[in-house]
Amino acid sequence: MHSRREWAWGYLLIAPMALGLAVFYLWPIAQTLYLSMTESGVFGGYTWVGTANFADLFTDEEMYGALGNTLLYSVLVLAGVPLSIVVAALLNVPGLRGLSIYRTLYFLPVVTMPAAVGLTWSYLFNGDFGAINHVLGTVGIDGPYWLGDPDFAIYAIAVVGIWSSIGYNAVLFLAGLQGIPRHYYEAAEIDGAGRLRQFFRITLPLLTPTTFFVVVITMINALQVFDLVYLMIDLKSPALEGSRTIVYLFYETGFVQNQRGLAAAIAVILLVLILVLTAIQFRLQKKWVHYE
Amino acid sequence: MSKPRTWPAHVFLAAGALVMLAPFAWQLVVSLQTLPDSLRVPPKFTPSWQWSNFADVFRSVPLARQFLNTVVVTAAVTAGQLLLCSLAAFAFARLRFPGRGALFLLFLAVLMVPGELFLIPRYEIMQGLGWLNSLQALIAPGVFGAFGTFMLRQFFLSLPRELDEAASIDGASPLQIYWHILLPLVRPGLLALGMLTVMWSWSSLLWPLVVNTDPEMMTLSAGLASLRGQFLTNFPILFAGSVVASLPVIVLFAVMQRQLIAGIAFTGSKG
């Protein structure tokens, strides 16, 4: 093999992508890190302010509010992960017919534009004419003004977050389930273990690598939620205080108030938060993830 | 092994499917209601066959223009991703060159950084180029992707080595091997990445929202979001727009679901 030529081809074929990533990914990362230490002036341009942006953010109530809302939302969405395991387990029942129909239906929220999804759910959650409060009313519950109430808004958004991620996660779990060798179940059956026992003693432990992957991905996505909040909560709604997430605050600061330096600092905080929480997940996995 | 009954599974799955489907059905119903019907208490669960909503939404915002914008951007981004990602993925998986490992790690690092970190500098790049409120502002950053490179690399790695070795002995250049021999074999990967890119590009909101503020240059996603501000309670018109905006991807998914699901499962289990 002409290895010199192979080198040249390697660099040549990677060049377009590497160049694009350098311009639109790597340079922006460095730039954002730099901007987070600056303040944007009225006439454009930036002045160096060191860690002042971070100091400001650490005493800012809105920042803490956004942090709290984001973490609450993430925990709620993570609590929905078991639902996907149940759906995947049901889809994996031997001899089940209509698999592709179910898959299509459960996947519908994943493929639909979040804009359309968010608007539809904001209608469903409307306090006056919304279908959800109507249904709750028929069983005697007086529903709140979900998206107008800072105490309830984030829960309503989390419901949508869970609803729209079940299909995606279930597909990952289904792939994990199909990777479990059948002979484990055959052995368990001979030992007289029932279906439920098999599920808890074989399926769940052998599914832990997939579960770990899904939990990490779901967490990282949830920490960056923006679309649903932006679409479901009106800018002037009193509920914004209870549902403003970190990315929403970033958008507001950087592109509504045009404080680019401060917004960059918020993005850096988000990066650190994601890195720390992901590292913790990787630490914890030793305690509960079983690799064959 | 005893044959298990499947009907209990069907009961639960069907109930769940109903929950998945209901908001869409409800959206479709409301898109055909009159404004007073859409605000009725208790809710009216049947359409009033107000077809004019669909004409009105095209009249009240440049929806046709936004639709065209979205199609152009999505097509360009998807084509670019497929070409550039497959080229880089092929090189990473099949060619040996110094620094390959380090370069690939750099690609992976990009994958782990949240998108918000790119946003402000990208905006300033577009501003500097005079590209704000243009379709190229939406296309240019979208055609590059570390995820697609990583995903297709997995597909290239799964092919037997003998294929390119034999072709190389016959004198084929790496570009010929890529194009004539390996690319046809990673078709499932290309289809899956293509579907994912279409989905993401079609729906993405934050970047289009930031970079194109002129309604004429918006994509459907941002257009719908701005529609909400203008017609705060006109849900029938809003939903007519939503139906128009989400239908193409839903149809595409219905046709291509097997490839998409296979792709997600493939990268998911190896991720």
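Which element gives the most to the lining of the second largest pocket? Helix α10(A) does, with five residues. The structure is a predicted model, in which local features need pLDDT of at least 70, side-chain atom pairs count only at pLDDT 80 or more, and totals for chains, interfaces and linings use all residues; side-chain values use heavy atoms, with hydrogens and water left out. Residues are numbered from 1 along each chain as its sequence is written, while chains are lettered from A and ligands numbered from 1 in the order in which they are written.

**Confidence**

- The model has an ipTM of 0.91 and a pTM of 0.93.
- Chain B has a mean pLDDT of 91, where pLDDT is the predictor's confidence in each residue, from 0 to 100.
- In chain B, 95% of the residues reach 70 or more.
- Where pLDDT is low, the predicted coordinates should not be read in detail.

**Chain A as a whole**

- Chain A contains 15 helices and two strands; these are DSSP runs numbered from the N terminus, with helices being H or I of at least four residues and strands E of at least two.
- Along the principal axes, the C-alpha atoms of chain A fill a box of roughly 75 × 75 × 35 Å.
- Of the 292 residues in chain A, 52% are buried (buried means under 20% relative accessible area, exposed over 50%, and partly exposed in between, with a 1.4 Å probe and protein chains only).
- Contacts are heavy atoms within 4.5 Å; among those in chain A between residues at least 6 apart in sequence, 68% join residues at least 24 apart.

**The largest nonpolar core**

- A nonpolar core is a set of buried Ala, Val, Leu, Ile, Met, Phe, Trp, Tyr and Cys residues joined through side-chain atoms within 4.5 Å.
- The largest one has 186 residues, and those with the most contacts inside it include A:Tyr73, A:Tyr230 and B:Phe156.
- Not counting residues up to four places away in sequence, A:Tyr230 touches A:Tyr248 and A:Tyr251 as well as B:Leu205, B:Leu209, B:Ala225 and B:Arg228.

**The second largest pocket**

- A pocket is found on a 1 Å grid over the protein atoms alone, as an open set of points where a 1.4 Å probe fits, with protein on both sides within 12 Å along at least five of seven lines; lining residues have an atom within 4 Å of a point.
- The second largest pocket has a volume of about 670 Å³, which is the space filled by probe spheres set on the points.
- Among its 20 lining residues, the closest to its centre are A:Ala89, A:Leu90, A:Val93, A:Arg195 and A:Phe199.
- Elements giving two or more residues to this lining include α4 (81-91) of chain A and α1 (7-30) of chain B.

**Two buried residues of chain B**

- B:Ser173 lies in the loop between α9 (162-169) and α10 (174-185) of chain B, and counts as buried because its relative accessibility is 13%.
- Leaving aside neighbours within four places in sequence, B:Ser173 is in contact with A:Arg5 and A:Trp9.
- B:Asp164 is in helix α9 of chain B and is buried, with a relative accessible area of 8%.
- With neighbours within four places in sequence left aside, B:Asp164 contacts B:Arg94, B:Ile177 and B:Leu182.

**Backbone details in loops**

- B:Val41 and B:Pro42 are joined by a cis peptide bond, with omega about -5 degrees.
- A:Asn258 is not a glycine, yet has a positive phi of about 60 degrees; A:Asn258 is partly exposed, at 44% relative accessible area.
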